[in-house]
Structures are given as structure tokens and as C-alpha cells.
Amino acid sequence: MAEAPQYDAVARVRESFGRALESEPAYREMLPFFQALYELQEAAAETARPAVMDPAAGRPLQERARIPLDLPCATELLQGLLAAAGDANRDLAESAARLRACFEGDGARSGCCLRLFMEQGGGELAELSETVGVAPVRVAFFLYNSIWPSVAFHARRLAAEKDAGGEGDGGSCPLCGSLPEISFIEENGRRMLACSFCRHQWPVPRIQCPFCRNGDAEALGYHGSEEDPSRRIDTCECCGSYWITIDTRRLGRPFYAPLEALVSTHLDIRAEQMGYGRPEAAGDTVPAAAAEITSKNRLPMAHPLSLRRP
Ligand SMILES: [Zn+2]
Ligand SMILES: [Zn+2]
């Protein structure tokens with residue numbers, strides 16, 4: 001299998017964020033940190049080499065505890081992300097400083113926490129979060145973003161080996177079973193979903209709720225924005241869900257799913273104000289892990305837009 005990435009992911013992050021800095025003024029303060037995060041992460045994803053999983057073992061990415069990590073790679077990335085957060089807003093910088101102090105001089109501890117995160121060591125992670133005085137959702141934020149390159153390594157191999165080019169099982173990721181983070185329309189008009197955990201992308205029918213699979217156009221709605229024709233809120237009256245769809249043909253920058261989820265936060269807030277929600281995953285599997293770290297929880301900084309929440 002070819003090891004080389006299909007495109008230079010770091011260059012794509014740089015270009016997408018560079019253009020978003022110009023066109024998304026409400027997000028300008030938070031973009032530099034997230035740009036640094038995704039550049040470090042994509043660079044790490046090119047070198048991460050965890051133990052290879054057996055693709056014959058059903059859907060191996062479904063069970064978080066069974067996903068092999070490249071621990072040295074994840075540990076180094078964790079250090080890099082905590083350092084990069086020093087330049088983020090005061091709140092996040094403080095959380096990062098506390099975690100750095102906790103891990104300093106104890107190299108094994110960060111590796112242990114990364115493993116705990118994968119093994120759903122909820123109790124122990126809660127203890128760490130209490131000891132260092134950092135909210136559990138922020139601890140999870142740094143740990144998840146550090147293990148993602150290992151997850152991406154498996155996801156790419158599985159996608160190539162299992163020919164996961166087909167349509168997914170409704171709204172759950174065909175590789176790891178998590179809920180989608182965001183929907184997007186490709187250049188050729190095909191509608192895709194991007195996974196909130198492994199970031200795999202898969203095609204779905206154009207007119208269908210990704211969550212309850214309702215295909216009745218009468219019960220599906222959308223709410224666009226005049227100032228930004230590239231993004232809209234899609235809604236389903238059958239299950240009360242909403243999702244954000246990006247029309248990449250009108251975007252004006254390379255589509256990078258985590259960035260577009262980030263700069264759609266104002267639409268998440270609007271959708272919630274309109275009474276729509278997102279389904280929540282339950283249980284002890286990858287989908288539950290992804291629920292911890294989906295877009296709203298992924299914003300560990302005081303965001304100017306979130307202050308407008310009623
Ligand atoms: Zn996935
Ligand atoms: Zn629905």
C-alpha cells in the first residue's frame with residue numbers, strides 16, 4: 001500500500017486557515033491556535049506508525065480500547081499541542097500550563113493518560129482532571145487530538161483495504177461507527193459526511209436525514225445565510241436533528257472538515273435556538289468517545305459567539 005499521503009495535508013491546513021482568517025472575522029482570535037494544532041497533527045499523521053490492525057476482525061475501529069497507538073508519536077504531539085496552547089486565550093493557556101506541569105519530569109505519566117483515554121479510564125482521568133484543576137472536557141480535548149494521527153493511520157488503511165467507498169450505514173461512520181461532524185457537497189455534487197472521531201469521509205444520499213434516514217423531502221428543511229452561501233443548517237422534522245452542510249463549490253478555500261466545523265459554531269448556536277439538536281451516542285465505544293469531543297465540546301476557549309447563547 002502506498003504510504004505517501006494523497007496531498008500535502010499540512011499545506012492544505014495552512015491554505016484553508018490562511019483564507020479563513022480573512023473571511024471569518026468572528027473567529028479570528030481562535031484560528032491561529034487551531035491552525036497550529038492541525039498543522040502539528042497532520043505532520044504527526046504522516047509519521048505515526050502504530051501496530052497494524054487486522055482488517056478481518058470485523059470493524060476493529062469500533063472498540064476504542066483495541067485501537068493500537070503509536071505512543072511516542074502521541075506523546076510528542078501532546079507536548080507540542082500543550083506548548084502551542086500557550087499562545088491561545090488565557091483560559092486554554094492556563095489549562096495547558098497545568099497539564100504540562102503535571103507531565104513534566106514524568107514522561108510515563110502522559111503516555112499512561114493517553115492509554116487511559118483509549119481504555120475509557122473515566123474514573124482515573126476524572127481524578128487527574130481534579131488533581132490538576134482542568135475540566136475533563138479539556139483533558140479529553142488534548143488527549144483526543146494527540147491520538148488522532150494513530151486513529152487516522154488505521155482509518156486510512158481500513159478504507160483502502162475494505163473499499164469503504166460505498167454509502168455509510170445512515171449517519172454512522174462505516175469505519176468507527178461515530179456520528180458525523182459535518183456534511184459537505186463535493187465539486188461533482190455528491191453529498192458526503194465527515195466522521196467526528198476518525199475523520200473518514202463517506203458518501204450519503206443527497207435527500208436524506210443522516211440520523212433517522214428519513215428521505216421525505218417535505219420533512220427536511222434548510223436554513224441558509226445570505227452573507228455566506230457556502231454553508232447552511234439542514235434540519236429534519238422527523239427526528240428533530242440538524243446538521244451543517246458546506247457547499248465546497250462556493251467555499252473559496254480547500255475544504256478541511258475540522259476548520260469548517262469550527263467556523264460553523266454560530267450556526268450550531270442558531271440551530272439550537274430554533275429547537276433542533278444532535279443525536280448523542282451512548283455506551284463505551286468509539287461513538288461515545290466521539291460524542292465527548294464533537295464540535296461544541298471541541299471549543300475549549302471562551303468564544304465570542306458562545307457568549308450570545310441565551
Ligand atoms: Zn470514523
Ligand atoms: Zn431525522
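The legends below describe close-up views of a predicted model. Local features are given where pLDDT is at least 70 and side-chain atom pairs count at pLDDT 80 or more, while totals for chains, interfaces and linings use all residues. Residues are numbered from 1 along each chain as its sequence is written, with chains lettered from A and ligands numbered from 1 in the order in which they are written.

**View 1. The open sheet has 6 strands in the order β3-β2-β1-β6-β5-β4.** The pairing is mixed; two strands pair if DSSP finds at least two bridges between them. Strands (E, at least two residues) and helices (H or I, at least four) are DSSP runs, numbered from the N terminus. At the edges, β3 (201-204) and β4 (220-224) each pair on one side only. From one strand to the next, the twist averages 30°.

**View 2. Helix α9 (residues 265-273) lies across β5 and β6.** The two strands, β5 (residues 231-236) and β6 (residues 242-247), are antiparallel and share 5 bridges. Ile 233 has Ile 244 in β6 as its bridge partner. Helix α9 runs at about 30° to β5; axes are lines fitted to C-alpha atoms, for helices over the stretch in contact, and angles run from 0 to 180 degrees between N-to-C directions. Residues are in contact if their C-beta atoms, placed from the backbone, lie within 7 Å.

**View 3. Helices α2 and α7 (residues 136-161) pack at an angle of about 35°.** Their axes are 8 Å apart. The crossing is right-handed, that is, the near helix is turned clockwise from the far one by less than a right angle. Leu 37, Gln 41, Ala 44 and Ala 45 of α2 meet Asn 145, Trp 148, Pro 149 and Ala 152 of α7. The contact residues comprise 6 nonpolar, 2 polar and no charged; nonpolar covers Ala, Val, Leu, Ile, Met, Phe, Trp, Tyr, Cys and Pro, charged covers Asp, Glu, Lys and Arg, and the others, Gly among them, are polar.

**View 4. Arg 199 and Arg 213 sit in loops, Arg 199 between β2 (191-195) and β3 and Arg 213 between β3 and β4.** Most residues other than glycine have a negative phi. Phi is near 70° in Arg 199 and about 65° in Arg 213. Arg 199 counts as buried because it has 21 C-beta neighbours inside 10 Å, and Arg 213 counts as partly exposed because it has 15. Buried requires 20 or more other C-beta atoms within 10 Å, exposed 12 or fewer, and partly exposed lies in between, with C-beta atoms placed from the backbone.

**View 5. Ala 26 lies in the loop between α1 (9-23) and α2 (31-47).** Ala 26 counts as exposed because it has 12 C-beta neighbours inside 10 Å. Ala 26 and His 266 are 240 residues apart in sequence, with their C-alpha atoms 9.3 Å apart.

Note on methods. Contact = placed C-beta atoms within 7 Å.
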